[in-house]
Structure formats: structure tokens, C-alpha cells
Amino acid sequence: ANEISVQGMQAISKLLKQENCVLESLHISNNRAGDLGAKAIAQALAVNKSLLHIDLTYNSINDDGLCRLAESLAHNQTLLSFKLFGNNFDQNSMGLFYQLMSTERENPWYPDFAVYIVDEHFDMAYVETQLMLDIYVSQANLLLI
């Protein structure tokens with residue numbers, strides 16, 4: 001972990017919003033994004049057209065920040081893989097992700113969790129994904145912070 005907090009997430013968001021952004025994979029797990037950092041990243045994901053994979057696992061993101069991420073992903077047609085497990089999901093965010101992953105899109109989603117309904121209640125489970133884009137990033141697309 002790099003202990004990236006809100007200010008770092010805002011800087012990353014600013015880069016992701018740029019039209020000439022070519023970053024394809026972003027691994028910022030085990031940091032301190034919180035809800036405000038998630039909001040900044042969510043604003044970027046709504047407009048970014050290059051990112052294929054993002055890992056935000058274990059970033060102390062609560063339900064509000066996770067809801068903002070789910071809402072932004074509904075506008076993103078490029079991202080394929082997102083990892084969010086280890087954050088603080090509640091019924092609102094799980095409901096939004098359930099709806100997001102149930103909606104048809106040109107390319108399928110590859111999240112690291114599944115949301116399902118049990119007794120009229122949302123629940124989730126970890127899903128292992130081993131996609132090439134999880135482990136491969138060309139040197140031209142490295143982001144140095």
C-alpha cells in the first residue's frame with residue numbers, strides 16, 4: 001500500500017479525465033481512498049475511455065462511495081474489470097451493483113464479487129478473476145505517482 005488518500009485519488013482522477021489518457025490498468029488497492037476518494041475516481045470513470053481494469057480493493061470505501069462508483073460505471077463502456085471487494089458494502093450499493101451487472105452491455109463485466117438476493121436481501125460473495133488485463137500492462141501505460 002502507498003497510503004494514497006483523498007488528495008492522491010483526486011490527482012489520479014484528474015489524469016484519468018484527460019482526453020489523451022492511455023492508461024489501461026490501475027492498481028490502487030490497500031490505500032485510504034474512503035468515500036471522497038471513491039467519489040473522485042467515480043467522476044473520472046464516468047468519462048474515461050482508456051481504462052480496462054481498476055483495482056480499488058481494501059480502500060475503506062463505505063456504501064456512499066460504492067454507490068457513486070456503481071452509478072459512474074453505468075456510463076462507462078470501456079472498463080471491463082473492477083475489483084472492489086474488501087470495502088464496506090451495504091444494501092444500497094449492493095443493489096446498484098446487482099442492477100449494473102444485470103444490465104446488458106456490449107462487453108461483459110468482470111468484477112471480483114457477485115451480488116445475489118437471499119430472502120429479499122442483497123448479499124455478496126468474492127469471485128476470483130484471472131484475466132490477462134489483471135496482470136499485464138504495457139510499459140507505455142504505466143502511471144508513476
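**Surface, helix and salt bridge**

Author: The accessible surface of the protein comes to about 8,100 Å², and carbon and sulfur atoms account for 50% of it. Accessible areas come from the Shrake-Rupley method with a 1.4 Å probe, and for residues only the protein chains shown count as cover. This is a predicted model: local features need pLDDT of at least 70, side-chain atom pairs count only at pLDDT 80 or more, and totals for chains, interfaces and linings use all residues. Residues are numbered from 1 along each chain as its sequence is written, and side-chain values use heavy atoms, with hydrogens and water left out.

Reader: What share of the residues of the protein count as buried?

Author: Buried means under 20% relative accessible area, exposed means over 50%, and partly exposed lies in between (1.4 Å probe, protein chains only). Of the 145 residues, 46% count as buried.

Reader: How many helices and strands are there in the protein?

Author: Helices (H or I, at least four residues) and strands (E, at least two) are DSSP runs, numbered from the N terminus. The protein has five helices and six strands, in the order α-β-α-β-α-β-α-β-β-β-α from the N terminus on.

Reader: Is helix α3 mostly covered or mostly open?

Author: Helix α3, residues 63-73, is mostly covered, with eight of its eleven residues buried. Among them are Leu 66, Cys 67, Leu 69 and Leu 73. The buried residues of α3 pack against α2 (34-45), β3 (81-83) and α4 (91-102).

Reader: At what angle do α3 and α4 pack?

Author: Axes are lines fitted to C-alpha atoms, for helices over the stretch in contact, and angles run from 0 to 180 degrees between N-to-C directions. Here the angle is about 15°, and the axes of α3 and α4 are 8 Å apart. α3 is therefore roughly parallel to α4; angles under 35 degrees count as roughly parallel, over 145 as roughly antiparallel, 65 to 115 as roughly perpendicular and the rest as oblique. In contact terms (heavy atoms within 4.5 Å), residues of α3 including Leu 66 and Ala 70 meet residues of α4 including Leu 96 and Phe 97.

Reader: Which residue forms a salt bridge with Asp 64?

Author: A salt bridge is a side-chain nitrogen of Lys or Arg within 4 Å of a carboxyl oxygen of Asp or Glu. The structure holds one: Asp 64 pairs with Arg 68, the closest N and O atoms being 3.8 Å apart. Asp 64 and Arg 68 are four residues apart in helix α3, so about one helical turn separates them. Asp 64 is partly exposed at 45% relative accessibility, and Arg 68 is partly exposed at 34%.
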